[in-house]
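Please examine the sequence and the structure shown here before reading on. The account that follows is meant to be read alongside them.

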Amino acid sequence: MPGEEDLIRDRREKLARVRARGIDPYPPRARRTHSAAEAAAAFARWEADAAQGDAPAVTVAGRVSAHRDLGKATFIDLRDGSGRLQCYLKQDVLGDAYAGLADVDLGDFLLVSGPLFRTRAGEVTVEARAYELIAKALRPPPEKWHGIEDVETRYRQRYLDLQANEETREVFRLRAAVISSIRRFLDARGFIEVETPVLQPEAGGAAATPFVTHHRTLDEDLYLRISLELHLKRLLVGGFDRVYEIGRIFRNEGIDRTHIPEFTMLESYEAYADYEDVARMVEEMVSGVAREVLGTTAVLFGEHTIELAPPWRRLTMRDALIEHSGIDFEEFRTRETLYDELRRRGVEADPTWSWAKLLDEALSVYVEPKLVQPTFLMDYPKELSPLAKSKPGAPGIVERFEPFVAGFEIGNAYTELNDPVDQRERLEAQARLKAAGAEDVEMLDEDFLVALEHGMPPTGGLGIGIDRLVMLLTGRTSIREVILFPPMRRRE
């Protein structure tokens, strides 16, 4: 069996033969009249109209996905973004041009013109009157058009995965539909979409490790943003009432099934709203997007059927930890006591972790896997949420929730802290922790604090991980399945 290099050599020889015949194998344009799906629909309409007059004539284009040579006739399948269409090419119709099909390979792109007909097998087909090679592929396509099994190849060479796997193409069509649906939902509620800087002098708005770069003209180190939050809040200070952004976020951290260094986040901020208002909006938005994109609010994820229709369950973080682990964090209010309790239970914990980090780890171990049906985990300790407003009548607790579905978190929301004195004290406390060596802490952004001193209205803020939401709606268990080009270690 010939190796890949032999196949590439053979294709290059065919390319040379095509050029020797005076044919440009990469013409500057290809004019088609119909996509594959449009051609099939046009023929169906003609049949429904009692086949009055001549059958529709079309010019279609696509990649050759099947090539069946019958001697004096050839069947070729063309695949474009809308689907597959069969073409029937005959020697007595095409004349001398028919011999050129010997230089057509799987993966090449053809333009084919002719009337449509239906074969005895019932398949809508183009009866070719002419064809043109419009792009010669020098490398063979994946061996199996029905799928590439090697996971690394699928991620590293996503274009091959998309060629071979209809299921993969459908995931990314759904992803695009999800984002469009979210935009329609927010636009209809009076939000305006904005854009904020990716390069920032301070990486604020989240407790995460940033990527650092250097701006040569300014001669300054800058950070790739780890959140959209602080600039969007500046816009509420400036007078906008409802804003949102769908943008890329960068965090210099690990990779697992729900985490990746570069991901897409939706953040929205609504003046004169609180976290209860935001929770109701999340229920409506996620269920509405599912209904619009999938036609149902019941989604299958692994062995579970998850119902996204409101209302979602609401559970305080404290009650959730007590229910699933027996740990009441009010009884372990120091770093040392909580660390000792987790170690006693066999939880791997770093002795340098802060109390907040230890509590977050307990949540990950004991609670998150149990939250399969949609649940708002509400009312977090202040130490975990330096940007959220304190809950009246609940010392040490802030108005924050995280929505969990299928055992993982898909977002984060607060009643936003708009007291500039309290906000400064909290961020300065975070700065002291950072100076003492803590990693998962917020950066102090002085310009944001100055903006807050000009006054920000009571606000409900939301962050939703677009990639995780798409995972949920497509039943994918790895975030790399829903990102077209996930980061991969460079090959030697």
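This is a predicted model: local features need pLDDT of at least 70, side-chain atom pairs count only at pLDDT 80 or more; totals for chains, interfaces and linings use all residues.

Residues are numbered from 1 along each chain as its sequence is written, and side-chain values use heavy atoms, with hydrogens and water left out.

Helices (H or I, at least four residues) and strands (E, at least two) are DSSP runs, numbered from the N terminus. Two strands are said to pair if DSSP finds at least two bridges between them. Strand 1 (residues 57-69) pairs with strand 2 (residues 73-80) in the antiparallel sense over six bridges, and Arg 68 stands opposite Phe 75 in strand 2. These two strands form a hairpin with three residues between them, and Gly 71 in the turn has a positive phi of about 100°. Strand 2 also pairs with strand 3 (residues 83-90), again in the antiparallel sense, over eight bridges. Here Arg 79 stands opposite Arg 84 in strand 3, and two residues lie between the strands of this hairpin. Strand 2 is mostly covered, since seven of its eight residues are buried; buried means under 20% relative accessible area, exposed over 50%, and partly exposed in between (1.4 Å probe, protein chains only).

An open sheet of three strands has the order 8-10-9, with antiparallel pairing. Strand 8 (199-200) and strand 9 (212-215) stand at the edges, each with a single partner strand, so one side of each is left without a neighbour in the sheet. Strand 8 is joined to strand 10 (residues 220-224) by two bridges, and Leu 199 has Leu 224 in strand 10 as its bridge partner.

The nonpolar cores come next. In soluble globular proteins, nonpolar side chains tend to be buried together. A nonpolar core is a set of buried Ala, Val, Leu, Ile, Met, Phe, Trp, Tyr and Cys residues joined through side-chain atoms within 4.5 Å. The largest such core has 95 residues, of which Ile 182, Leu 308 and Leu 377 touch the most other members. Helix 8 (residues 275-294) supplies the largest share of this core, ten residues. A second, separate core of 25 residues includes Val 18, Ala 36, Val 64 and Val 124. With contact meaning heavy atoms within 4.5 Å, Leu 308 touches, among others beyond four places away in sequence, Val 286, Ala 290, Pro 374 and Leu 472.

Thr 474 lies in helix 14 (residues 466-474) and is buried, with a relative accessible area of 14%. A polar atom of its side chain lies 2.7 Å from the backbone oxygen of Val 470. Not counting residues up to four places away in sequence, Thr 474 touches Val 171, Leu 174 and Val 482.

Asp 350, by contrast, lies in the loop between helix 10 (335-344) and helix 11 (355-367) and counts as partly exposed at 31% relative accessibility. The side chains of Asp 350 and Thr 352 are joined by a polar contact of 2.7 Å; a polar contact is a pair of N or O atoms within 3.5 Å, where within protein one must be able to donate a hydrogen and the other to accept it, and residues adjacent in sequence count only if both atoms are side-chain atoms. Asp 350 also touches Tyr 339 and Leu 358, not counting residues up to four places away in sequence.
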